[in-house]
Amino acid sequence: MNEAKAKTKSKSKGNGKRNGRRKSFQDPMALLDAAGLGRKPETRRKREVIFSEGEPSKNVYYIRDGSVKLSVTSKDGKEAVVGILGPTDFFGEDGIAGTKVCMSTATAAADCDLVRIDNRRMAQVLHGDRDFSDFFMSYLLTRKARVEADLVDQLFNSSEKRLARTLLMMARYGREGATESTIPKVSQETLASMVGTTRSRISFFMNKFRKMGFIKYNGGMQVHGSLLNVLLHD
């Protein structure tokens with residue numbers, strides 16, 4: 001009888017420990033530190049290139065603070081912005097996905113506090129730490145779904161709705177545990193590239209959103225959740 005109780009108690013303790021580690025999913029930096037990956041801090045200044053399209057892909061990066069612009073360039077030199085990432089985002093995972101070169105150029109859109117992770121070390125941890133592997137795979141699948149949603153947005157929505165969605169994504173609305181609503185300063189040219197329209201159209205819609213109270217400027221651009229109405233309105 002006592003032996004059975006001891007087994008039950010031991011099992012309960014084991015589950016509690018694992019559940020405790022699961023809670024750290026809400027704190028990616030804690031997971032990185034626990035896996036020995038959060039010990040290579042790196043700072044980048046605004047407009048500094050972190051890596052360029054076509055370079056060998058050697059590292060994965062985690063954003064602790066700041067924002068990073070991802071862009072690609074066509075053969076005739078035309079640049080397209082494919083994403084603006086912020087705190088708790090990863091980027092540069094091309095190397096561990098089997099691609100030997102960087103598929104985009106990463107540039108600091110604001111002063112950044114990053115963690116740099118060597119691809120080989122990242123692969124080792126993904127194979128050896130189930131909790132971190134589960135977390136990272138969940139992140140990548142969420143990112144993939146976001147990219148697919150971006151494609152649908154480009155194909156079927158108006159430029160006004162695409163801009164509204166872009167601003168909401170940059171302000172991190174809808175992200176679990178996210179409380180940010182202020183976007184670091186971003187040029188209208190960058191927004192035009194992300195949305196797929198002209199700078200003049202961006203200027204028109206931004207003025208419209210400001211007059212309707214959806215956005216306001218106060219050291220940065222503050223985005224109100226009511227901007228969702230633009231997406232819901234037919």
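Which residues is Thr105 in contact with, leaving aside its neighbours within four places in sequence? In this predicted model, the list runs to Val49, Phe51, Ser52, Glu53, Lys69, Leu70 and Ser71. Thr105 itself sits in strand β7, which spans residues 105–108. With a relative accessibility of 15%, Thr105 falls under the 20% cut-off and so counts as buried. One of its contact partners, Glu53, also shows up at the polar level: a polar atom of the Thr105 side chain lies 2.9 Å from the backbone nitrogen of Glu53.

Turning to the helices, two pairs were looked at. Helix α3 (residues 119–128) and helix α4 (residues 130–156) have axes that come within 6 Å and cross at roughly 110°, so the two are roughly perpendicular to each other. On the α3 side, the contact is made by Met122, Val125, Leu126 and Gly128, and α4 brings in Arg130, Phe132, Ser133 and Phe136. Sorted by class, that contact has five nonpolar residues, two polar ones and one charged one.

The second pair is helix α5 (residues 159–170) with helix α6 (residues 188–195), whose axes come within 10 Å and again cross at roughly 110°. That angle makes α5 roughly perpendicular to α6, and the crossing is right-handed. Here Ser159, Arg162, Leu163, Thr166, Leu167 and Met170 of α5 meet Leu191, Met194 and Val195 of α6. The class breakdown for α5 with α6 comes to six nonpolar, two polar and one charged residues.

Definitions and conventions. Residues numbered from 1 in each chain as written. Predicted model: local features only at pLDDT ≥ 70, side-chain atom pairs only at ≥ 80, totals over all residues. Heavy atoms only, no water. Helix = DSSP H or I, 4+ residues; strand = E, 2+ residues; numbered from the N terminus. Buried < 20%, exposed > 50% of the residue type's maximum accessible area, 1.4 Å probe, protein only. Polar contact = N/O pair within 3.5 Å; in protein donor to acceptor, adjacent residues only side chain to side chain. Contact = heavy atoms within 4.5 Å. Axes fitted to C-alpha atoms, helices over the stretch in contact; angles between N-to-C directions. Parallel < 35°, antiparallel > 145°, perpendicular 65-115°, else oblique. Left-handed = near helix turned anticlockwise from the far one by under 90°. Nonpolar A, V, L, I, M, F, W, Y, C, P; charged D, E, K, R; others polar.
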